[in-house]
Amino acid sequence: VLGDVNSIEFENVSFQHKSATKPALNQISFKLNFGQTIAFVGPSGSGKSTLVKLLVGLYLPVDGDVKFNSISVRNINRNDIRVQLGLVSQESQLFSGTIRENLQFVKPEATEAELIKVLKQAATDSLMSRAEKGLDTSIGEGGIKVSGGEKQRLSIARALLRNPNLLIFDEATSALDSITEKEITSTLKEISQEKNRINVMIAHRLSTIMHADCIYVLDHGRVVE
């Protein structure tokens, strides 16, 4: 039984897509421990997306091993990993419905207090100040329009609602303008200072992940720095 994820280790992991001529990741090794914020940065095509897919158990390594709590991913029911996972991606998916429904999608039994707490953590003040019916305000068609930054904040709140042991920000700010990016980056910095999970950040630009405990630079599937 896996239990709560408190360490993740990549041991000489290589991965090659079936149609590719060279590996997407080549001999990658690192260890993530509970309470740490680790970042991966690199240009397009450096292997960042493949790394995320291996982290969440969508891919299995071709060579090497990925271990959760020192147990090989091959010996774990991958749903045991996924229930402990929060993911904020570049393109956040919101549904036509209320703020409450968009959050409770990941945790239907969440209480009002839990919802308000995660909205506060994700710094959604400007959105909530416009939401006349509070959590029962509709967003999208027939409701309030949300900006790209507000969309990301709701996505962050939703990821936090799961109370994940592993929280992944996969280029969460790259689709935003520079001012919004700066604001969301400072929110992410505050969230990652709560040492109660493993935070993994994937980014194109160093400026958005400077607060991480450790930064790995990827290039052509290798850790170069």
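Colleague: How many bridges join strand S1 to strand S4?

Modeller: The model is predicted, with local features needing pLDDT of at least 70 and side-chain atom pairs counting only at pLDDT 80 or more, while totals for chains, interfaces and linings use all residues. Residues are numbered from 1 along each chain as its sequence is written, and side-chain values use heavy atoms, leaving out hydrogens and water. S1 (residues 7-15) runs antiparallel to S4 (residues 63-68); strands are DSSP runs of E with at least two residues, helices are runs of H or I with at least four, and both are numbered from the N terminus. Strands pair if DSSP finds at least two bridges between them, and the number joining S1 to S4 is five.

Colleague: Which residue is the bridge partner of Glu11 in S4?

Modeller: Along this pairing, Glu9 stands opposite Lys67 and Ser14 opposite Asp63. For Glu11, the bridge partner in S4 is Asp65.

Colleague: In what order do the four strands of the open antiparallel sheet stand?

Modeller: S1 also pairs antiparallel with strand S2 (residues 25-33) over six bridges, where Ile8 has Leu32 as its partner. S4 pairs in the antiparallel sense with S5 over two bridges, Phe68 standing opposite Ile71. The order of the open sheet is therefore S2-S1-S4-S5.

Colleague: Which residue takes a positive phi in the hairpin of S4 and S5?

Modeller: The hairpin has two residues between its strands. The positive phi, near 50°, belongs to Asn69.

Colleague: Why is one side of S6 and of S12 left without a neighbour in the sheet?

Modeller: Six strands form an open sheet of mixed pairing in the order S6-S9-S10-S3-S11-S12. S6 (85-88) and S12 (222-223) stand at the edges, so one side of each lacks a neighbour, because each has a single partner strand.

Colleague: What angle does the direction of H1 make with that of S10?

Modeller: Strand S3 (residues 37-41) runs parallel to S10 (residues 198-203), joined by five bridges, and Val41 stands opposite Ala203. H1 packs on this sheet and touches S3, S9 (166-170), S10 and S11 (214-219). Its direction makes with that of S10 an angle of about 155°.

Colleague: How do helices H6 and H7 pack, roughly parallel or roughly antiparallel?

Modeller: H6 (residues 148-161) and H7 (residues 178-192) pack at about 15°, with axes 10 Å apart. Angles under 35 degrees count as roughly parallel, over 145 as roughly antiparallel, 65 to 115 as roughly perpendicular and the rest as oblique. The two helices are therefore roughly parallel.

Colleague: Which element has the lowest mean pLDDT?

Modeller: pLDDT is the predictor's confidence in each residue, from 0 to 100. The protein chain averages 92, and 100% of its residues score at least 70. Among its elements, S1 has the highest mean (97), and the lowest (89) belongs to H7.

How values were computed: Axes are lines fitted to C-alpha atoms, for helices over the stretch in contact, and angles run from 0 to 180 degrees between N-to-C directions. Contact means heavy atoms within 4.5 Å.
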